[in-house]
Amino acid sequence: MSDMIRGYADFFWDALVLEIKGEMGRRDLSSRGLGRRIGKSSQYMSDRLDGGSSKTGRRVVLSVWDLAAMSQAMSVSAAELAARAHEVAIRDLSARSGATDVGAPAHHGEDLPTAARRGGGQGLRP
């Protein structure tokens, strides 16, 4: 796997988590509340949305089921969340690599992985 693809995957993951958190914020929905809607514990949600497993410290990757269930519970399409995340990942990866002049990095000066680890959560759309 090329470094560019691996880099894109990391940026996309972080952007997708931020998009989910942003949608939760717009709906005034906590991770515990979203977990209840999809039948999962608050720990399950935290492992996926807050940077990793409390036991291992390793990132728990969102499954297709996770994305589908979360998006359905928030009445937004999984494709819409993924499309938003893709746009941000491409923009931020391009900015990081210097491939294009896309202006300041997203999230008020933070790079996307840092914002995701911090918990971003304000959403990526105006």
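The protein chain has an accessible surface of about 7,200 Å², and 52% of this surface belongs to carbon and sulfur atoms. Accessible areas were computed by the Shrake-Rupley method with a 1.4 Å probe, and for residues only the protein chains shown count as cover. The model is predicted: local features need pLDDT of at least 70, side-chain atom pairs count only at pLDDT 80 or more, and totals for chains, interfaces and linings use all residues. Residues are numbered from 1 along each chain as its sequence is written, and side-chain values use heavy atoms, with hydrogens and water left out.

The secondary structure consists of 6 helices and 0 strands. From the N terminus on, the order is α-α-α-α-α-α. Helices (H or I, at least four residues) and strands (E, at least two) are DSSP runs, numbered from the N terminus. Of the 126 residues, 40% count as buried. Buried means under 20% relative accessible area, exposed over 50%, and partly exposed in between (1.4 Å probe, protein chains only). Among contacts with a separation of 6 or more, 66% join residues 24 or more positions apart. A contact requires heavy atoms within 4.5 Å.

The count of aromatic pairs is 1. Tyrosine 8 and phenylalanine 12 form this pair, which is stacked, at 5.8 Å centre to centre and 25° between the planes. Rings of Phe, Tyr and Trp (its six-membered ring) pair if their centres lie within 6.5 Å; planes under 30 degrees apart count as stacked, over 60 as edge-to-face and the rest as tilted. Both residues lie in helix α1 (residues 3-26), 4 residues apart, about one turn of the helix. Tyrosine 8 is partly exposed because its relative accessibility is 24%. Phenylalanine 12 has a relative accessible area of 21%, so it is partly exposed.

Charges also sit over rings. Lysine 40 lies over the face of tryptophan 65, 5.1 Å from the ring centre. The charged end of arginine 48 sits over the ring of tyrosine 44, at 3.5 Å from its centre. The criterion is NZ of Lys or CZ of Arg within 6 Å of the ring centre and within 35 degrees of the ring normal.

Two buried residues were examined in turn. Glycine 52 belongs to the loop between α3 (42-49) and α4. Its relative accessibility is 13%, so glycine 52 counts as buried. Beyond neighbours within four places in sequence, glycine 52 contacts Ser46, Asp47, Arg58, Arg59 and Val60. Serine 71 is part of helix α4 (residues 64-73). Serine 71 is buried because its relative accessible area is 3%. Not counting residues up to four places away, serine 71 touches Val76, Ser77, Ala78 and Leu81.
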